[in-house]
Structures are given as C-alpha cells and as structure tokens.
Amino acid sequence: MSGHSQFKNIMYRKGAQDAKKAKVFAKLARDITIAAKSGLPEPDKNPRLRLAIQAARAESMPKDNIERAIAKATQTAGGNDYVSARYEGFGPGKVAVIVEALTDNKNRTAGNVRTIFGKRGGVMGETGSVAFNFERIGYIKYPLSAAEADKMFEAALEAGANDVVSDEECHEIETLPDDLNAVTEALEKMFGTPSASRLDWKPVVKTEINDLETAQKFMEFIDALEDDDDVQKVYHNAEISNEILEACSMAD
C-alpha cells in the first residue's frame with residue numbers, strides 16, 4: 001500500500017499548514033448528509049453514516065457541524081441532491097490522476113476541474129483514460145493505538161483482507177472491493193469503528209518526478225483540485241523522493 005503512504009507524504013504540507021479547515025469540514029458534512037440519506041439517520045443503524053461521522057471526528061469536526069449535517073438529510077425541502085462524478089487525466093510530469101467528486105451540478109464541476117487541469121499544466125482526458133494505471137480496492141484504516149501490529153495483521157487476514165501495512169501512524173488494510181463491508185464489520189467487533197473504510201484507487205504503475213520544478217507544479221496542481229468544493233478525493237500515481245519533497249517545503 002505504498003500508494004497511500006506516498007500520497008500522505010506528498011500532501012504533508014497542507015497538514016503542516018493546517019490550511020482551509022472550513023473546506024475540509026464542508027466536504028465531510030456532505031459525506032455525512034449523503035450517508036444519512038442512504039439509510040436511517042442513526043449511526044448505530046447505518047454503517048455508512050457511522051463511518052462518515054468517525055472520519056469527521058478524526059478531523060476534529062465540531063459536534064454541532066455533524067448534527068447539522070445529519071439534520072439536513074431529513075429535511076423534506078430545500079436540500080441538494082448530490083451525485084458522484086469521476087474525472088481522469090494527466091497532471092504535470094505526465095502523472096495519472098483520478099478525481100472523484102460529489103456535486104449537485106455536474107456541468108459546473110466538470111468545467112471547474114477541466115479549468116484546473118488546463119491552467120495547472122495538466123490534460124483532462126475521457127473516463128477510463130488513466131484508470132488502467134490503478135486498481136480498485138477496499139481500504140480500511142485504524143489508528144496505531146487500536147491494536148498491536150501483529151494482532152491487527154492476524155485479525156485482518158482472518159477476516160478476509162488481502163494485505164495489512166502498519167507504520168508509526170496507523171494500520172492500513174487492503175481488501176477486494178466486494179469484501180470491504182464484511183472485513184470492516186469483522187474488525188469493528190474487535191477494534192471498534194475504523195477511522196476510514198472506503199473504496200480507493202491504488203496505483204499499480206508509478207510515474208517518477210525527478211526534478212524540483214515539476215514536483216512543485218504537481219503539488220500546486222493537486223492543491224488546486226482539492227480546494228474545489230465539489231472534489232472529494234484525488235488519486236495519483238506520482239512517486240517523488242523525500243529529498244525533492246523536503247526541497248519543495250523549503251521553497252514555500
């Protein structure tokens with residue numbers, strides 16, 4: 001699961017700067033509202049909602065914001081109906097990029113994403129144009145404090161997971177897409193609600209970025225995509241050395 005570690009590594013600047021919390025909360029609230037609409041607006045009876053709330057709490061989202069997002073799902077009028085959208089293309093350095101969005105206006109979102117690709121040195125393609133560089137997986141994440149690495153490894157594999165990687169921050173579990181719910185439910189019984197449980201795109205072919213200028217352009221490109229209100233997740237297959245990442249940080 002080096003793709004997830006690399007993604008965390010590349011995006012460390014934003015965490016260090018503690019930037020744009022309001023946008024993060026808005027996206028989390030949208031996830032909570034959609035999860036509440038998909039079933040009962042009660043976390044103990046709606047696994048998707050329970051996970052969405054857990055993800056919000058992991059980002060220190062205030063309790064009032066969470067409650068408002070749930071309440072919004074029960075409103076009979078005035079609410080927005082969101083649909084999923086996926087966009088693909090190449091960023092600076094010819095890095096393959098998949099953008100997942102939740103939107104109430106697909107024309108607006110597609111236009112915004114296309115503009116970011118165009119202005120930031122990328123090229124937006126058709127659906128499927130870069131997906132072959134990735135595989136669809138189930139992804140579960142627990143904080144390191146949830147269990148010892150050996151215990152998490154054994155429990156996850158017994159539950160049907162394909163792989164488990166533990167580092168100094170967390171446990172990351174990979175499953176087949178169809179096994180995600182079953183593995184999540186089995187691990188919840190032992191370790192409680194995970195901090196994340198979702199379908200992800202895992203890069204199977206990597207694209208190296210070997211120079212500072214391209215790395216900076218690429219990270220600014222990713223930042224711009226993530227700043228868009230409708231964009232929920234951005235996946236890529238870039239591989240950047242720690243030395244270049246540190247140089248980028250010093251140049252900011």
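Before you select anything, here is one idea to carry along: a helix axis is a line fitted to the C-alpha atoms over the stretch in contact, and the angle between two axes runs from 0 to 180 degrees between their N-to-C directions. What you have open is a predicted model, in which local features need pLDDT of at least 70, side-chain atom pairs count only at pLDDT 80 or more, and totals for chains, interfaces and linings use all residues. Residues are numbered from 1 along each chain as its sequence is written, and side-chain values use heavy atoms, with hydrogens and water left out.

**The whole protein**

Start with a cartoon view. The protein has ten helices and ten strands; helices (H or I, at least four residues) and strands (E, at least two) are DSSP runs, numbered from the N terminus. Of the 252 residues, 44% are buried, where buried means under 20% relative accessible area, exposed means over 50%, and partly exposed is in between (1.4 Å probe, protein chains only). Contact means heavy atoms within 4.5 Å. Among contacts with a separation of 6 or more, 73% are between residues 24 or more positions apart.

**Stop 1: helix 3 and its partners**

Two packed helices are described by the angle between their axes and the distance between the axes. Select helix 3 (residues 21–37) and helix 4 (residues 47–58), whose axes come within 8 Å and cross at roughly 165°. Helix 3 and helix 4 are therefore roughly antiparallel; the classes are roughly parallel for angles under 35 degrees, roughly antiparallel over 145, roughly perpendicular from 65 to 115, and oblique for the rest. Their crossing is left-handed, a label used if the near helix is turned anticlockwise from the far one by less than a right angle, while clockwise gives right-handed.

Show the side chains next. On the helix 3 side, the contact includes Leu28, Asp31 and Ile32, and on the helix 4 side it includes Arg48, Leu49 and Ala52. By class, this contact of helix 3 with helix 4 has ten nonpolar, no polar and two charged residues. Here Ala, Val, Leu, Ile, Met, Phe, Trp, Tyr, Cys and Pro count as nonpolar, Asp, Glu, Lys and Arg as charged, and the others, Gly among them, as polar.

At what angle do the axes of helix 3 and helix 5 cross? They cross at roughly 40° and come within 8 Å. Helix 3 and helix 5 are therefore oblique to each other, and the crossing is right-handed. The contact of helix 3 with helix 5 divides into eight nonpolar, two polar and two charged residues.

**Stop 2: rings that pair up**

Select the aromatic side chains. Rings of Phe, Tyr and Trp (its six-membered ring) pair if their centres lie within 6.5 Å; planes under 30 degrees apart count as stacked, over 60 as edge-to-face and the rest as tilted. By this rule the count comes to three aromatic pairs. In one of them, Phe117 and Phe221 sit edge-to-face, 5.1 Å centre to centre with 75° between the planes. This pair links distant parts of the chain, with Phe117 in helix 6 (residues 106–119) and Phe221 in helix 9 (residues 212–227), 104 residues apart.

Move on to Tyr142 and Phe191, an edge-to-face pair with 5.9 Å between centres and 75° between planes. Tyr142 lies in strand 4 (residues 134–143) and Phe191 in helix 8 (residues 180–191), so the pair ties together parts that are 49 residues apart in sequence. Tyr142 is buried at 1% relative accessibility, and Phe191 is buried at 14%.

**Stop 3: two loop residues**

Most residues other than glycine have a negative phi, and most peptide bonds are trans. Select Ser60, in the loop between helix 4 and helix 5 (63–73). Ser60 has a positive phi of about 60° although it is not a glycine, and Ser60 is exposed, with a relative accessible area of 59%. Then pick Lys94, in the loop between strand 1 (83–91) and strand 2 (95–103). The phi of Lys94 is also positive, near 60°, and Lys94 is exposed at 68%.

**Stop 4: Thr184**

Finish in helix 8 with Thr184, which is buried at 5% relative accessible area. Leaving aside neighbours within four places in sequence, Thr184 is in contact with Ile140, Pro194 and Ser197.
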